[in-house]
Amino acid sequence: MFRFIKQHYITVLIVAVIVLAVLAAAFAGKKEGKTNFVADAAGIVLTPLQGSFHWVFDNISGIFQYIGDIRTNAQDNEALTHRVQELESELVEFEDLRMENDRLRSLLDLKERQREYDTVGAEIIAKEPGNWFTNFTIDKGTMDGLSQSDPVINTSGLVGYIYDIGTTWAKVSTIVAPTSSTGAVLPRTGEEVVVDGIQDQKSSILCKMSYVPKDSNIMVGDTIETSGLGGMYPKGLYIGRVKEIQNSQDGLTRDVLVEPAVDFKRLREVLVIRSGGAGSEGR
Amino acid sequence: MGILLTTIIVLLSYLLQTTFAFRIAIFDVTPNLLLCVLVCYTVCRSKEKGLFLGFIIGMLLDLLWGRSFGLYTIAYLCIGALCGLAFDNFLSHNVFTCALASFALTILYGFGTQVLMFLTHTSFAFSYSFLRIILPEAVYNGLLTLPLYIVINNLYAKFVTD
């Protein structure tokens, strides 16, 4: 190889300069809200392939899962039937409560908070290589009206946000990634906290709240929602529940473990809240 | 022909790594197919080619996943270089030393990631990371390298003549 370089050093030099120039242009010329054209082009080429591979492996694993589930289906069926009966009787009670709530609200002339988001459904087609981060790629991009920093949720709760976007793809950073921090609030007490992603000793998919004051009223089971501060996420998105409360090493604060509402190990589809680029203003 | 075969192997490994590897996770640990392929390629070809392929794989990952450009490039470049040096100087070229190299380089890669996380003030627990992530991944990579080396070695022996 060195003999080759020695003999054709002019050609090698020219090629190296061209490659460096392209790379420099690619990474220096990043447009606002969108990734550089080299990464975008690579993503456009690879995204359909990843989608195809994902579809094939998803169906194959689905078949195996179906076979494995046959045994437990009968038991699950019976338990679910019983649960449905319980829920139906609870529903009757809740209907009465809802009507009373509406009546009282109209008396107080309170506007009901409407939380209707403009969302786009997307499928996860690839996950980041390695075991250190839980970022993934979805099959929607700027062509579908998405933009960088758009929040990503699913039916259970908050998933993360878009940190890089191309024409037909987007990369999502999850709230459980070790580099993630999310502004949150405890609705019961009104305390504002920060939820960080970690890799805990007990489970790999947890979050943590650090520096919680020792005199805080936080309890196991408390729900946690986004606070809306910082402009990253809208207010009120469900993050998870308090799982465990520990005293920190300094004895002055408490470390709280949070179990996310979303099952990140089985996450397959997400919803992206279209913000029209508004979400990136606070960053 | 050699370049075409290498391109196909790398692309296939990348696609399998991102779409399939998490489905064969054991205790939530996924194998690093790209690292295994790089080690096998370096053993089958030469240290210079291994170095170059490490650079290419790192660039590919930086382009598609990297938040700070260059980290994956440096990591995989070092893996290719160390692997090439080891097999050039004191390791024999066979499937078991290849698996051992995968094991060792995975641990080095894991330590490198830990150092980076420490320097960027990222929250992590070292003992948990080593026992639950690095070590299992190293074992997994080592075992995966055994059949991978045989396949890659046979492919290059059959299709590439140099």
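**Reading a barrel and its helices**

Q: Which strands close into a barrel in chain A, and in what order?
A: Keep in mind that this is a predicted model. Six strands of chain A close into a barrel in the order β6-β7-β8-β11-β10-β9, with antiparallel pairing. On average, neighbouring strands of this sheet are turned by 45° against each other, direction ignored.

Q: What do strands of a sheet pair through?
A: Backbone hydrogen bonds, and the pairing is either parallel or antiparallel. Take β7 (residues 192-198) and β8 (residues 206-213) of chain A: they run antiparallel and are joined by four bridges. A:Ile198 has A:Leu206 in β8(A) as its bridge partner.

Q: How many bridges join β9(A) to β10(A)?
A: Three, with β9(A) and β10 (residues 238-247) of chain A running antiparallel. β9(A) also pairs with β6 (residues 181-185) of chain A, in the antiparallel sense over two bridges.

Q: Which residues of β9(A) are on the covered face, and which on the uncovered one?
A: In β9 (residues 223-226) of chain A, the covered face has A:Ile224 and A:Thr226, while A:Thr223 and A:Glu225 make up the uncovered one.

Q: Is A:Thr137 buried or exposed?
A: A:Thr137 has 2% relative accessibility, so A:Thr137 counts as buried. This residue lies in strand β2 (residues 136-138) of chain A. Leaving out residues up to four places away in sequence, A:Thr137 touches several residues, including A:Ile124, A:Trp169 and, from the other chain, B:Trp65.

Q: On to chain B. At what angle do the axes of α1(B) and α2(B) cross?
A: At roughly 155°, coming within 9 Å; α1 covers residues 2-19 of chain B and α2 covers residues 33-44. Angles over 145 degrees count as roughly antiparallel, and that makes α1(B) roughly antiparallel to α2(B).

Q: Which residues of α1(B) and α2(B) meet?
A: Among them are B:Ile9, B:Val10, B:Ser13 and B:Gln17 in α1(B), and B:Leu34, B:Val37 and B:Tyr41 in α2(B). The residues of this contact divide into eight nonpolar, three polar and no charged.

Definitions and conventions. Residues numbered from 1 in each chain as written. Chains lettered and ligands numbered in written order. Predicted model: local features only at pLDDT ≥ 70, side-chain atom pairs only at ≥ 80, totals over all residues. Heavy atoms only, no water. Axes fitted to C-alpha atoms, helices over the stretch in contact; angles between N-to-C directions. Parallel < 35°, antiparallel > 145°, perpendicular 65-115°, else oblique. Contact = heavy atoms within 4.5 Å. Nonpolar A, V, L, I, M, F, W, Y, C, P; charged D, E, K, R; others polar. Buried < 20%, exposed > 50% of the residue type's maximum accessible area, 1.4 Å probe, protein only. Pairing = 2+ DSSP bridges.
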